[in-house]
Amino acid sequence: MAEQSENPIESVMGKISEKIHQDSSSSDSESDSEKKSYPSESVKDKIWRLFGREKPVHRVLGGGKPADVFLWRNKKVSAGVLGFATAIWVLFELVEYNLLTLVCHILILSLALLFLWSNALAFINKSPPRIPQVHLPEEPILQVASALCVEINGAFMVLRSIAAGKDLKKFLIVIAGLWVMSIVGSWCHFLTLFYICFVLLHTVPVFYEKFEDKIDPLAEKAMIEIKRQYAVFDAKVLSKIPVAALKAKKV
């Protein structure tokens, strides 16, 4: 009888001790996981991204279908768009086709084929072909025009503030950018420059998205060096310009 009374008590004590050991082991595992997660989060916060980027590359490009095309989410569509742009560049730059001539030739060929096809079907007593109606939607065109208007007005505001002499740094950056663009424009035609930019949009973002963990540290070192060189240039040249002195007096 004594052994029977002791057995339930021992079993209950054993279960309690097992429960305590399980709780302590689970708390230790949770603390270990928290210790492991904190360094990863702190390292993640310290990662430097190019141009101060905080969003994925897809969202930086605006998201939606244009970003899908630039990042080759659908390889067939991206290859088709790039191939069409290449064909246009070859026609206008290599073959030296004019835009008006190309449009007229395309319309002549299309109208001639449709005219002959309609008459051939009528000659054999068949229903004429259904020619689709072409209708340009107004809303996307208005959205594009509105976006361009906002960007152009913003550019004019920046140019106005620079011309007013309020920011010497922006003035030097804009002058250097325009000078580089003038040199590049003397090397090639506008269509070639546009095609080069189009090809870069189809190659640089997808390349950066694939190797961003390797590119960002190199870009961080380059930005640190550029800032250091600019600080030296500011101390030796910009600080001695009279415009900066007049601005300090006004303040």
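Mentor: Glu-209 is partly exposed, with a relative accessible area of 26%. Keep in mind that we're looking at a predicted model. The side chain of Glu-209 meets that of Arg-73 in a salt bridge, with 3.0 Å from N to O. Glu-209 belongs to helix H8, while Arg-73 sits in the loop between helix H3 (64–70) and helix H4 (75–94), so this pair ties together parts that are 136 residues apart in sequence. Arg-73 is partly exposed too, at a relative accessible area of 45%.

Now for the helices themselves. H8 covers residues 190–210. The axes of H4 and H8 come within 10 Å and cross at roughly 165 degrees. That crossing angle makes H4 roughly antiparallel to H8, because anything over 145 degrees counts that way. As for the handedness, H4 passes H8 in a left-handed crossing.

Who actually touches whom? On the H4 side you'll find Ser-78, Val-81, Leu-82, Ala-85, Thr-86, Trp-89, Phe-92 and Glu-93. They meet a set in H8 made up of Leu-191, Thr-192, Tyr-195, Phe-198, Val-199 and His-202.

Pick out Thr-192 from that set and zoom in. Leaving aside neighbours within four places in sequence, Thr-192 is in contact with Trp-89 and Glu-93, and both of those partners are on the H4 list. Is Thr-192 buried or exposed? Its relative accessibility is 13%, so it counts as buried, the cut-off being under 20%.

Most residues other than glycine have a negative phi. Trp-72, in the loop between H3 and H4, has a positive phi of about 60 degrees although it is not a glycine. Trp-72 counts as partly exposed, at 26% relative accessibility. Glu-96 is exposed, with a relative accessible area of 63%.

How many salt bridges does the structure hold? There are two. Besides the Arg-73 and Glu-209 pair, the side chains of Glu-225 and Arg-228 meet at 2.5 Å, N to O.

The protein has ten helices and zero strands. Buried residues make up 11% of its 251 residues, and Thr-192 counts as buried. Taking contacts between residues at least 6 apart in sequence, 56% join residues at least 24 apart. The accessible surface comes to about 21,100 Å², and 68% of that belongs to carbon and sulfur atoms.

Definitions and conventions. Residues are numbered from 1 along each chain as its sequence is written. This is a predicted model: local features need pLDDT of at least 70, side-chain atom pairs count only at pLDDT 80 or more; totals for chains, interfaces and linings use all residues. Side-chain values use heavy atoms; hydrogens and water are left out. Helices (H or I, at least four residues) and strands (E, at least two) are DSSP runs, numbered from the N terminus. Buried means under 20% relative accessible area, exposed over 50%, partly exposed in between (1.4 Å probe, protein chains only). Contact means heavy atoms within 4.5 Å. Accessible areas come from the Shrake-Rupley method with a 1.4 Å probe; for residues, only the protein chains shown count as cover. A salt bridge is a side-chain nitrogen of Lys or Arg within 4 Å of a carboxyl oxygen of Asp or Glu. Axes are lines fitted to C-alpha atoms, for helices over the stretch in contact, and angles run from 0 to 180 degrees between N-to-C directions. Angles under 35 degrees count as roughly parallel, over 145 as roughly antiparallel, 65 to 115 as roughly perpendicular and the rest as oblique. A crossing is left-handed if the near helix is turned anticlockwise from the far one by less than a right angle, and right-handed if clockwise.
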